[in-house]
Protein chains: 2
Amino acid sequence: MKGIRQLAEHLQISTGTVSRALNGKSDVNAETRRRVLAAAEDLGYVPNQAGRSLRQGASKTIGLVLNHGSSVGAGNENFFPLVIAGLQNVLSRHGLDLVLLLCPREENYDAFLRRMVARRLVDAMIITATRVKDPRFAFLTTAGMPFVSLGRSDSALPGNNWVDLDFEGIAERAVLRLFERGHRRIAIAAPASDVNLGKLFLEGYRAGLAKCGLQEEPDYIFYEQALEEGGYRVGEKLLASKKRPTAIVLNAELMSVGLYRRLGEAGLVPGRDLAVIAERESPVGRFLLPRLTCFRLDLDALGRMLAEMLLSNLPAFAEGYQDVPRNRIWPLELVEGESDPPLAAPD
Amino acid sequence: MKGIRQLAEHLQISTGTVSRALNGKSDVNAETRRRVLAAAEDLGYVPNQAGRSLRQGASKTIGLVLNHGSSVGAGNENFFPLVIAGLQNVLSRHGLDLVLLLCPREENYDAFLRRMVARRLVDAMIITATRVKDPRFAFLTTAGMPFVSLGRSDSALPGNNWVDLDFEGIAERAVLRLFERGHRRIAIAAPASDVNLGKLFLEGYRAGLAKCGLQEEPDYIFYEQALEEGGYRVGEKLLASKKRPTAIVLNAELMSVGLYRRLGEAGLVPGRDLAVIAERESPVGRFLLPRLTCFRLDLDALGRMLAEMLLSNLPAFAEGYQDVPRNRIWPLELVEGESDPPLAAPD
């Protein structure tokens, strides 16, 4: 357990420079900052608690860090509006306000986070859209900024708090359900990025195939953007398959809009000609014809859990939140739709 | 042009109380605040410029005020993500950061705004989702908080800056286009709330009917929520009509998802059996079958215009933005889809 003085001695630079580097100030050059953060991680730097408490009193504001293009929702039933409602419900009891910090399109997520920490707008942060390798965990830990993550990452440190959806579980259950319904050629759409949920979704898909004794077929894994257009391209690729899959698991429900259209253009009927299971229940999926089979979770409760985990990290509030778990994989329940009927003629 | 001292004399209360009321502090009772704000408006109170400039240096942060459930978008092509990109593009040139202030579900919009002004988190604000009567215009003007509005309101004061979409224009053009294509029974879906764009949309619809010499039919105006479920209910009502409309103009493209489903359930084909024109181009509308006919605008440019209007209000930046208009009605262009073919058998 080291402090700023030990870090400065170790690196042979001034305590002022170490402090400015840890606090993300812009007048420290990149190489020095990198060395300070690396040493802080190696030596197990622990930020001064008095300083933290002081800062926590400063703004009474919590920042929810979102990537540009994050679904903050159209309507009341989408992902972030309900998570935010749950967050605000708990935070407001303690006089804490939530602000959304949206990473600009042109800016690197990590640089944006460092800049937001340096700006001292907020007392604590919630990060989202975690990547497989995500330097934000080490940075926030080292900088002494209390935070909780919505999403896992290989880069999460043992002490970090996170909540994540059971992406691996839903992919596996989708495969098992389709298998039971007679499907043997089961495809999957996975994100074309390094977002961590993509890794989990594929792991669950593979676990499901293994349990069913099915061979993984590389041609049945479609890496596409988790949006309508990505779904349309999945449709294109499906139609071009030598041996077309009879079922697909989509990692995002919006993809189904584009997939349904592409099937319709080819005179195929979604559901009847291709079984579809999508990740999360949403209004679009509920009003598509056929209605999507998908998975449901209590988003408001998820938001409240995130807030409680965060409060358990803030000295001024921790006492009331001692029983809050450090990590949580959030369960989802299957919602039967019309999009995955049993295969008419199993082969 | 009055200052705090004149207001205090007029109301016979202390200058400190007047100042706290104008600044939205919570230790002023509601009745006193109401009296102070009313008098400030009546007497033409002008906030102290030095104070404003001082405050503008404080946070270098601009707040975008959103109602709970605002569409901050799923994906990159939806409304707020692109507007925000345009805003950030201009603001970042001046070292200003944008934070999103999301009104909690349980809180009144006006109370939320007062609280956010009192919190002094931001130097200036962008308000959205304006209502026909919207007390936020007078409150922000009186409080001396520089702001610009995305949306008009009957409550906007002559000096206020705003940008708004040409909602009346698109509703009118949709009616004219449907008339030219043989339709005489043209319905409209309008918001079931007091949001100002609903008023404008209906005005444009009525202007279009008048130009075509069509009588307004109260049964053809459907007040529903601007979401998938509202569209489904519009479908229910259409199917129950004594003399069913042959065409409909939707004030929100998401409604089409529910409307298409309801028509499909009844064995009707959207487009062929009911012509549909929806407000704004979006990925969902582009990938529905039939593709929606709708209206397009440059959302990034809209965001940049909002930022420039705001900067023209901030003494530290105004010099570079003297040519920015005070108000702007933003044009949209029609995008031909597949959802509004000419009527097969005009009656």
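This is a guided tour of a predicted two-chain model, stop by stop.

Before you start, note that residues are numbered from 1 along each chain as its sequence is written, and chains are lettered from A in the order in which they are written. In this predicted model, local features need pLDDT of at least 70 and side-chain atom pairs count only at pLDDT 80 or more, while totals for chains, interfaces and linings use all residues; side-chain values use heavy atoms, with hydrogens and water left out.

**Stop 1**

Select chain A. It has 13 helices and 12 strands. These are DSSP runs, numbered from the N terminus: helices are H or I with at least four residues, strands are E with at least two. Of the 347 residues of chain A, 59% count as buried. Buried means under 20% relative accessible area, exposed over 50%, and partly exposed in between (1.4 Å probe, protein chains only). Now look at contacts, meaning heavy atoms within 4.5 Å. Among contacts in chain A with a separation of 6 or more, 67% come from residues 24 or more positions apart.

**Stop 2: both chains**

Show chain B as well. A rotation of 180° with 0.0 Å of shift along its axis superposes chain A on chain B, with an RMSD of 0.1 Å. That is the relation of a two-fold axis. The same surface serves both copies, as 100% of the contact residues of chain A recur in chain B.

**Stop 3: the interface**

Select the contact residues: 51 from chain A and 51 from chain B. Chain A and chain B bury about 4,200 Å² between them, 55% of it on carbon and sulfur atoms. That area is the accessible area (1.4 Å probe) lost when the two parts are put together, summed over both.

Eight salt bridges cross between chain A and chain B. The rule asks for a side-chain nitrogen of Lys or Arg within 4 Å of a carboxyl oxygen of Asp or Glu. Zoom in on Arg119(A) and Asp97(B): their closest N and O atoms are 2.8 Å apart. Then color the chain A elements that give two or more residues to this side: α5 (79–93), β2 (97–102), α6 (109–119), α10 (228–240), α11 (255–265) and α12 (283–287). By class, the side of chain A that touches chain B has 24 nonpolar, 13 polar and 14 charged residues. Ala, Val, Leu, Ile, Met, Phe, Trp, Tyr, Cys and Pro count as nonpolar; Asp, Glu, Lys and Arg as charged; the others, Gly among them, as polar.

Next, pick Arg105(B) and Asp300(A). Their side chains meet in a salt bridge (2.9 Å, N to O). The pair runs from the loop between β2 (97–102) and α6 (109–119) of chain B to helix α13 (residues 299–311) of chain A. Arg105(B) is partly exposed at 44% relative accessibility, whereas Asp300(A) is buried at 15%.

**Stop 4: bridges within a chain**

The whole structure holds 60 salt bridges over all chains. Select Arg280(A) and Glu253(A), with closest N and O atoms 3.8 Å apart. Arg280(A) lies in strand β9 (residues 275–280) and Glu253(A) in the loop between β8 (247–250) and α11, so the pair ties together parts 27 residues apart in sequence. Arg280(A) is buried at 6% relative accessibility, and Glu253(A) is buried at 11%.

Move to Arg177(B) and Asp340(B), a salt bridge at 2.6 Å, N to O. Arg177(B) sits in helix α8 (residues 167–180) and Asp340(B) in the segment after β12 (333–335), so this pair ties together parts 163 residues apart in sequence.

**Last stop: a network**

Select Glu236(A), Arg261(A), Arg262(A), Glu265(A), Arg291(B) and Glu338(B). Salt bridges that share partners join these six residues into one network.

Key
Least-squares fit on C-alpha atoms with pLDDT ≥ 70 in both.
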